Amino acid sequence: MQKIYLKYDEYTPPVECDYGFVVEMIYLGFLYPLKKQNLKMFYIILLTELAVVTLIMCFIPFVIGSIISAILLFIINILFAANYNMIVIEDLLKRGYVPLDHASSDLLIKKGIYFKLQ
């Protein structure tokens, strides 16, 4: 997995962020942000998964609903795994962080979320 380095100012040490797909999130799901101590994303993913399972189980019989719920939880985990790192990086950029070097800046420009060059 590639790394992106972001800095806030010259006094704060740079932040190392992963870039790309998070394979661990496929099987950990909402526990992965908890492992990274990101409570905001933990609650977002947890509530999304709970809402999907609750809606399915309310309207579909238990056996079929359990199978459909498991499939949809897997799909939700894949979607969050594909976007988790970019959500974290965008949040840091909104808080005022900027890329530390041109390699980090180029990766963000290619992804389309950062346009200001150092």
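Helices H3 and H4 are roughly antiparallel to each other, where angles under 35 degrees count as roughly parallel, over 145 as roughly antiparallel, 65 to 115 as roughly perpendicular and the rest as oblique. The model is a predicted one, in which local features need pLDDT of at least 70 and side-chain atom pairs count only at pLDDT 80 or more, while totals for chains, interfaces and linings use all residues. Residues are numbered from 1 along each chain as its sequence is written, and side-chain values use heavy atoms, with hydrogens and water left out.

Two packed helices are described by the angle between their axes and the distance between the axes. For H3 (residues 39-59) and H4 (residues 62-94), the axes come within 9 Å and cross at roughly 160 degrees; axes here are lines fitted to C-alpha atoms, for helices over the stretch in contact, and angles run from 0 to 180 degrees between N-to-C directions. Helices (H or I, at least four residues) and strands (E, at least two) are DSSP runs, numbered from the N terminus. By class, 15 nonpolar, five polar and three charged residues make up the contact of H3 with H4, with Ala, Val, Leu, Ile, Met, Phe, Trp, Tyr, Cys and Pro counted as nonpolar, Asp, Glu, Lys and Arg as charged, and the others, Gly among them, as polar.

Within helix H4 sits Asn77, which is buried at a relative accessible area of 9% (buried means under 20% relative accessible area, exposed over 50%, partly exposed in between, with a 1.4 Å probe and protein chains only). Leaving aside neighbours within four places in sequence, Asn77 is in contact (heavy atoms within 4.5 Å) with Met25, Ile26, Gly29 and Glu49.

We turn next to the aromatic residues. A pair of aromatic rings is described by the distance of the centres and the angle of the planes. Rings of Phe, Tyr and Trp (its six-membered ring) pair if their centres lie within 6.5 Å, and planes under 30 degrees apart count as stacked, over 60 as edge-to-face and the rest as tilted. By this rule there are four aromatic pairs. In one of them the ring centres of Tyr8 and Tyr97 are 5.2 Å apart and the planes stand at 55 degrees, so the pair is tilted. This pair links distant parts of the chain, 89 residues apart, with Tyr8 in the loop between strand S1 (2-7) and strand S2 (15-19) and Tyr97 in the loop between H4 and strand S3 (98-99). Tyr8 is partly exposed, at 44% relative accessible area, whereas Tyr97 is buried at 15%. The rings of Tyr32 and Tyr84 have centres 5.5 Å apart and planes at 80 degrees, so they form an edge-to-face pair. Because Tyr32 lies in helix H2 (residues 31-35) and Tyr84 in helix H4, this pair ties together parts that are 52 residues apart in sequence. Both Tyr32 and Tyr84 are buried.

In strand S1, Leu6 is buried, with a relative accessible area of 0%. Not counting residues up to four places away in sequence, Leu6 touches several residues, including Pro14, Cys17, Ile89, Tyr97 and Leu108. Ser104, in helix H5 (residues 102-111), is likewise buried, at 2%, and with the sequence neighbours up to four places away set aside, Ser104 touches Ile4, Tyr5 and Pro99.

Gln37, in the loop between H2 and H3, is exposed, with a relative accessible area of 72%. The phi of Gln37 is near 60 degrees, a positive value in a residue other than glycine.
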